[in-house]
Amino acid sequence: MAPHAIVFDLLTALLDSWSLWAEAANNDRKASYRWRTRYLELTFGCGAYRPYEDLVYESAKDAGLPDSAPKALIANWDQMRPWPETKQVLLQLKEKGYRLGVVSNCSVELGRRAVALCGVEFDAFVTAEEAGFYKPHPKAYGTILSALEVEPRDALFVAGSNGDVVGAAAAGMDVVWHNQIGLPRLPGSKPRLEGSSLHIVLDHLRQVESTPSSSRPSRSSRL
C-alpha cells in the first residue's frame with residue numbers, strides 16, 4: 001500500500017550537512033568524514049538525549065580535531081544548503097497530498113534553523129531534544145508518527161544515514177535510503193530502494209501507486 005505520510009531525516013536526507021562539516025574541518029575531507037562517522041556512532045548509540053552540541057565536540061575530539069572545528073560548524077550552521085533536488089521533490093509530494101514530517105537528531109534551536117533552509121512547510125517536525133531520545137530509539141520515531149497522526153505501517157521513512165535505515169524499519173516503517181555520499185550498509189539494512197538522489201522517493205511512490213493492490217487514500221482523507 002502507498003503511504004499516507006512521508007517522514008524525512010533532515011541533516012543527511014534533505015540537507016547537505018556533509019559539506020558544512022568538511023568546511024569546518026578546513027576542507028580536510030578525510031578528517032571530516034572521520035569526525036562525522038564518529039558523531040553518527042555517538043548519536044545512534046546514545047539513546048536518551050544528551051546535548052547535541054556536546055556530541056559534536058566529543059566526536060571532534062575523538063577524531064583528533066581541535067575545538068575550532070565544532071565551533072566553526074555551529075557558527076556557520078545557517079550556511080548549510082539543501083541538496084539540489086530537495087525543494088522540487090518536496091513540492092511534488094505536497095502536490096500529491098502526502099503529509100510530510102521531519103525527525104532530526106539535533107537540538108530544538110539548530111533543528112528549527114535547519115528545517116527552515118528547506119524552503120518548504122512541513123506538517124510536523126520533531127528534534128531529538130523534543131523527543132527525549134536520539135534515533136534509532138523507537139520513541140524518536142514514535143514522536144513524529146504521533147505528531148503526524150499515522151501508524152508506522154502508513155508512513156514511508158526517507159533515511160539519509162545508514163543507522164536510520166535499520167532504525168526506521170525496526171520501528172515498523174517502510175524505508176528508502178537517499179545515500180548521497182555512498183555510506184556502507186549496516187547489518188540488517190534492507191531499504192526498499194537506495195540511490196544517490198532524493199528522486200528515489202518519487203521512484204518508490206510510482207512503483208507502489210501503480211501496483212493494482214495499492215489503495216492510497218484520496219488527498220482529502222489524508223489532510
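Pro-136 sits in the loop that runs between helix H7 (128-131) and helix H8 (138-148). The peptide bond that joins Lys-135 to Pro-136 is cis, with omega at about 15 degrees. Most peptide bonds are trans, and most residues other than glycine have a negative phi. Please keep in mind throughout that this is a predicted model.

**Two asparagines in one loop**

Where is Asn-26 placed? Asn-26 belongs to the loop between H1 and H2, and the loop between H1 and H2 is also the place of Asn-27. Asn-26 has a positive phi, near 60 degrees, although Asn-26 is not a glycine. Asn-27, again a residue other than glycine, has a positive phi near 60 degrees as well. Are these residues buried or exposed? Asn-26 counts as exposed because its relative accessibility is 69%, and Asn-27 counts as exposed at 52%.

**Helix H3 and its partners**

Helix H3 (residues 52-62) packs with helix H4 (residues 68-75) at an angle of about 145 degrees, and their axes are 8 Å apart. The crossing of the pair is right-handed. On the H3 side the meeting residues are Glu-53, Val-56, Tyr-57 and Ala-60, and on the H4 side they are Pro-70, Lys-71, Leu-73 and Ile-74. Sorted by class, this contact has six nonpolar residues, two charged residues and no polar ones.

Which residues of H3 are buried? They are Tyr-52, Leu-55, Val-56, Ser-59 and Ala-60. These residues lie on the same side of H3, because they cover an arc of only 135 degrees around the axis. An α-helix has 3.6 residues a turn, so residues three or four places apart point the same way. The buried residues of H3 pack against helix H1 (17-24), helix H2 (29-44), H4 and helix H6 (108-116). Just after H3 comes Gly-64, with a positive phi of about 80 degrees.

**Cysteines without a disulfide**

How many disulfides are there? The count is zero. The sulfur of Cys-106 has its closest cysteine sulfur in Cys-118, and because these sulfurs are 11 Å apart, they are too far from each other for a bond. For a disulfide, the sulfur atoms would have to be within 2.5 Å. Looking from the other end, Cys-118 has its closest cysteine sulfur in Cys-106, again at 11 Å. Cys-106 is buried, with a relative accessible area of 0%, and Cys-118 is buried too, at 1%.

**A buried serine in a loop**

Ser-161 lies in the loop between strand E4 (155-159) and helix H9 (162-170). Is Ser-161 buried or exposed? Ser-161 counts as buried because its relative accessibility is 3%. Leaving aside neighbours within four places in sequence, Ser-161 is in contact with Asp-9, Thr-12, Leu-40, Phe-44, Trp-177 and Leu-183.

**Accessibility at a glance**

Here are the accessibility values for the individual residues discussed above.

| Residue | Relative accessibility | Class |
|---|---|---|
| Asn-26 | 69% | exposed |
| Asn-27 | 52% | exposed |
| Cys-106 | 0% | buried |
| Cys-118 | 1% | buried |
| Ser-161 | 3% | buried |

Terms used:
Residues numbered from 1 in each chain as written. Predicted model: local features only at pLDDT ≥ 70, side-chain atom pairs only at ≥ 80, totals over all residues. Heavy atoms only, no water. Axes fitted to C-alpha atoms, helices over the stretch in contact; angles between N-to-C directions. Helix = DSSP H or I, 4+ residues; strand = E, 2+ residues; numbered from the N terminus. Left-handed = near helix turned anticlockwise from the far one by under 90°. Contact = heavy atoms within 4.5 Å. Nonpolar A, V, L, I, M, F, W, Y, C, P; charged D, E, K, R; others polar. Buried < 20%, exposed > 50% of the residue type's maximum accessible area, 1.4 Å probe, protein only. Arc of directions from axis to C-beta.
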